[in-house]
Amino acid sequence: MITLFVLAVLGQGPPPDSLTLASALAHAFRARGQVRVAAANVAEARAGHRLAGEVPNPSVGFSKSGDAPRQHFTFDQSLSWLMTRGALRSAASATIDRALRDSAVTVATVAQEVRIAFYSAVASEEGLRLVREQVAIADSVSHIARRRYDAGDISLFEVEQIGQEARRAQQLLSEAGEQAQVAAYRLARAIGWSGVLRGSLVGRLDDEVDSVPEQWQSETADALPLVGSAVADSVAAAQELQFARRARIPIPSFEAGTNWDDPSDPGRTFSVIGFTIPFPIWQQGGGSVAEARARAERAAALASEVRLDVRRQVAEAEIRLLEARRRARFARDSLLPGARHLRELAVEAYRAGQTGILPVLDALRGEREVALGALQELVSFQSAVATWRALLGRVS
């Protein structure tokens, strides 16, 4: 965390020629305002701990009266902090813990956003490449159809069918280009880049799809930042209750001083020393204790609820991660190669005059549908990984 906060104060560098996920995360941690806000919150909490440990300054006073002795100097130091300082510092320590946990959540959330944006941009570029490949294939089949028509093997209607498919592929190419540009802008926003990302993205959609670390499954809810934040709130509220209880105890204030300027005894000073103690007649602080007790009970109950909810979120995220991984691997290893193979067979058969145009059109459309679906499954897997890691408070 400290390293991330140090990176956050660095300025934005030149546009990258290429962007990996690691460099995208590093740039986001340098440039995103949320990371700097998290660092400021931790600094504020540490300052609060310092304030909670400070001893209150004494009060000094000077007065002059007409009665002898006519001049007076007093020094007054409250001692009530001796009873409450420990509870205040403990509550402030819990606030620091809360700020650190919140900062971990913030940084992990930024990492989640960057990861999803990065792989969405990679998928958009891959989708654009696939549609371009489909355009080239449709054009190639169109040329084949034209030669077969010239040879008298097929009708003009069949030539027009494949021509229409080629024009449709051009339309899809425009849509894919639009999606790729939008995804690039979203990635630039996610990493805190103010301009347009011109460099290439270096990453694969199937990163980690074959190797999900098993140790993720051993994480406990109490170690997660979201639970830790709620527990820290509960600890702080409990210490505030302790403070309210100790504040009810009457603690004297030390008082000292000197008097002088007595005409009847010139040149002589008179020392004064004593104590003042609160006298709880009108109220004894019971209301403050009751209020603090209610806050402590509420914070403890909320921590229990958060623990249960986070356990549910982790269980659901694990299920989604494992199933998304299974679907992504199946789409990559089975569906996509199968669809590509069918298209290749259909084109070769059409080139050889063994089939009509309809099987080729079906194969082209099937490959396009399967390929785009496979990209979506891989993006869903990367999104599931990002959600899982954000819950665990991890950035990589």
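Guide: Here is a short tour, from overall shape to single residues.

Guide: This is a predicted model: local features need pLDDT of at least 70, side-chain atom pairs count only at pLDDT 80 or more, and totals for chains, interfaces and linings use all residues. Residues are numbered from 1 along each chain as its sequence is written, and side-chain values use heavy atoms, with hydrogens and water left out.

Visitor: How many helices and strands does the chain have?

Guide: Eight helices and six strands. Both are DSSP runs numbered from the N terminus: helices are H or I with at least four residues, strands are E with at least two. In sequence order the pattern is α-β-α-α-β-β-α-α-β-α-β-β-α-α.

Visitor: What does the C-alpha trace span along its principal axes?

Guide: About 140 × 40 × 30 Å. The radius of gyration is 36 Å, while a compact globule of 396 residues would have one near 21 Å. That radius is taken over C-alpha atoms, and the globule rule is 2.2 Å times the number of residues to the power 0.38.

Visitor: What share of the residues is buried?

Guide: Of the 396 residues, 37% count as buried. Buried means under 20% relative accessible area, exposed over 50%, and partly exposed in between, with a 1.4 Å probe and protein chains only.

Visitor: Which residues touch the most other members of the largest nonpolar core?

Guide: Val114, Phe118, Leu187, Ile191 and Leu205, in a core of 48 residues. Such a core is a set of buried Ala, Val, Leu, Ile, Met, Phe, Trp, Tyr and Cys residues joined through side-chain atoms within 4.5 Å. Helix 2 (21–31), helix 4 (81–150), helix 5 (156–191), helix 7 (286–351) and helix 8 (357–392) each give it two or more residues. Helix 4 has the largest share, eleven residues. A second, separate core has 15 residues, including Val141 and Leu364.

Visitor: Back to Ile191. What does it touch?

Guide: Leaving out residues up to four places away in sequence, Ile191 touches Leu19, Ala24, His27, Ala28, Ala31, Arg32, Val114 and Leu197. Contact means heavy atoms within 4.5 Å.

Visitor: New topic. Where does Ser211 lie?

Guide: In the loop between strand 4 (200–202) and helix 6 (225–247).

Visitor: Why does Ser211 count as partly exposed?

Guide: Because its relative accessibility is 46%.

Visitor: And how far apart are Ser211 and His341?

Guide: They are 130 residues apart in sequence, and 27 Å apart in space from C-alpha to C-alpha.
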